[in-house]
Every structure is written in C-alpha cells, then in structure tokens.
Amino acid sequence: MTDDTNRDRSLQAMDDQATEFSASADELLRRNASFAARFRDAELQVVPLRHLAVVACMDSRMDMFEILGLGHGEAHVIRNAGGVITDDVIRSLCLSQRYLQTREIILIHHTDCGLQRVTEDEFKAELEAELGVKPWWALESFKDPYLDVSQSIQRLHLTPFLPHKDNIRGFVYDVTDGLLHEVLPG
Ligand SMILES: [Zn+2]
C-alpha cells in the first residue's frame with residue numbers, strides 16, 4: 001500500500017468519525033456551572049508565576065498543564081495547529097514578555113501530528129480546486145517533528161520582537177507513552 005493510499009484512508013477515517021457529530025456546548029455549559037461552584041482561582045494574578053510561556057500544538061491528546069505538572073496561573077499556553085511559530089504566536093509572545101513578565105519559552109510538538117498527514121502543495125491545490133482560491137497562509141505541514149521544533153526555535157531567535165531569548169527549549173511529546181524528548185540545538 002502506498003503512502004498516498006494510507007493518507008487517503010486516514011483522512012477518510014477522520015471524516016467517518018465526524019459524521020457521528022453532535023454539538024457539545026450545552027453539556028459543557030452545565031459542566032462549567034459545577035466548575036464555578038467549586039472555583040478556587042479568584043486570587044490568581046495575570047502575570048504567570050513561573051514567568052513561562054509554552055507554545056504547543058492544539059492536539060486534543062495533550063493537556064499541557066497535566067503533561068508539565070503546571071498549576072493554573074503558572075504559565076501562558078499558546079496553541080495552534082503544529083505549535084508553529086507564526087506571526088500571531090510572535091504577537092502573543094511579544095505581549096507575554098514585554099507586558100506580562102515571562103522570560104522562558106518552551107516549545108512542544110508531538111508525534112503523529114495532523115500536519116504530518118498532508119503536504120503543503122496538496123492541501124493548497126485541494127482548496128484551490130474546491131474554492132477557486134488558494135489560501136494566502138502557509139499550512140506549515142512537516143514530516144519530522146524534531147526538525148520542525150528546531151525550525152521553530154530558529155524562528156524565535158530570528159525575530160526582533162522578543163527581548164528575552166536566553167531560555168528557549170524545545171521538545172517532542174510522544175503520544176504513545178507521554179514522554180517529552182528534548183530537541184537539542186544542532
Ligand atoms: Zn499536532
């Protein structure tokens with residue numbers, strides 16, 4: 001079986017699961033009411049206690065607070081598809097460092113990422129064929145999460161908008177065993 005066939009099947013599998021969809025908002029609102037009934041965070045301050053910002057993929061298997069043993073109020077957590085360092089992530093980090101006193105950045109990408117299932121060109125061609133317009137943004141797909149973390153660290157070092165770059169480290173989270181593997185500067 002070719003890689004393409006594998007990819008088509010996994011995308012098809014994702015579509016099949018989506019057909020069993022029912023909206024969650026009402027149920028989640030009920031859960032929020034019980035959360036608020038035992039709310040304990042009213043005293044937390046806007047400045048993160050560890051002066052830390054975490055940039056991570058949006059993957060639903062990763063609870064950043066649980067994975068890192070973080071408490072509420074300890075870190076900013078900035079997430080998008082892939083944990084990519086985009087202009088918008090730089091925007092958040094710039095605010096985080098300049099106005100909210102964070103001094104350390106931790107990047108977390110992971111194995112089996114959705115962005116490994118498509119290529120930039122295929123994705124754009126598909127959208128163009130379907131919608132008549134090619135997206136003006138990059139999907140930022142990748143093959144190797146380790147190389148992608150390294151790329152992201154380089155982008156952070158290259159931006160002029162971050163005053164604090166002495167404590168930047170990057171990791172790949174293994175979705176099969178929960179362990180973080182550090183990506184060392186190469
Ligand atoms: Zn991901």
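**Sheet, core and helices of a predicted model**

Strand 3 and strand 4 run parallel and are joined by six bridges. The model is a predicted one, in which local features need pLDDT of at least 70 and side-chain atom pairs count only at pLDDT 80 or more, while totals for chains, interfaces and linings use all residues. Residues are numbered from 1 along each chain as its sequence is written. Helices (H or I, at least four residues) and strands (E, at least two) are DSSP runs, numbered from the N terminus. Two strands are said to pair if DSSP finds at least two bridges between them.

The protein has six helices and five strands. Along the sequence these elements follow the pattern α-α-β-α-β-α-β-α-α-β-β. Taken along the principal axes, the C-alpha atoms fill a box of roughly 55 × 45 × 35 Å. A residue is counted as buried if 20 or more other C-beta atoms lie within 10 Å of its own, as exposed if 12 or fewer do, and as partly exposed in between, with C-beta atoms placed from the backbone. Of the 186 residues of the protein, 21% are buried. Two residues are in contact if their C-beta atoms, placed from the backbone, lie within 7 Å. Among contacts between residues at least 6 apart in sequence, 66% join residues at least 24 apart.

The five strands form an open sheet with mixed pairing, in the order 2-1-3-4-5. Strand 2 and strand 5 (180-183) are the edge strands, and each pairs on one side only. On average, neighbouring strands of the sheet are turned by 25° against each other, direction ignored. Axes are lines fitted to C-alpha atoms, for helices over the stretch in contact, and angles run from 0 to 180 degrees between N-to-C directions. Helix 4 packs on the sheet and touches strand 1, strand 2 and strand 3, its direction making about 175° with that of strand 2. Helix 6 also packs on the sheet. Helix 6 touches strand 3, strand 4 and strand 5, and its direction makes about 160° with that of strand 4.

Strand 3 is mostly covered, with five of its seven residues buried. Strand 3 pairs with strand 1 in the parallel sense over five bridges. In this pairing, Ala 53 has Ile 105 of strand 3 as its bridge partner, and Val 55 has Leu 107. Leu 107 in turn has Gly 170 of strand 4 as a bridge partner. Strand 4 and strand 5 run antiparallel and are joined by four bridges. Between them, Val 172 is the bridge partner of His 181 in strand 5. The hairpin of strand 4 and strand 5 has six residues between the strands, and Gly 178 in this hairpin takes a positive phi near 80°.

A nonpolar core is a set of buried Ala, Val, Leu, Ile, Met, Phe, Trp, Tyr and Cys residues joined through C-beta atoms within 7 Å. The largest such core has 23 residues, and those with the most contacts inside it are Ala 53, Val 54, Val 55, Leu 107, Ile 108, Val 149 and Phe 171. Two or more residues each are given to this core by strand 1 (52-57), strand 2 (75-80), helix 4 (87-98), strand 3 (104-110), helix 6 (145-158) and strand 4 (168-173). Strand 1 supplies the largest share, five residues. Leaving aside neighbours within four places in sequence, Phe 171 is in contact with Leu 107, Ile 108, Val 149, Leu 180, His 181, Glu 182 and Val 183. In soluble globular proteins, nonpolar side chains tend to be buried together.

The expected span of a helix is 1.5 Å times one less than its number of residues. For the 13 residues of helix 2 (residues 25-37) the span should be 18 Å, which agrees with the 18 Å between its end C-alpha atoms. The number of buried residues in helix 2 is zero, so this helix lies largely in the open. Helix 5 (residues 120-131), with twelve residues, reaches 16 Å from its first C-alpha to its last, close to the expected 16 Å. Helix 5 is hardly covered, its count of buried residues being zero. Gly 132, which follows helix 5, has a positive phi near 80°.

Asn 167 lies in the loop between helix 6 and strand 4. Asn 167 counts as exposed because it has 12 C-beta neighbours inside 10 Å. Not counting residues up to four places away in sequence, Asn 167 touches Arg 103 and Glu 104.
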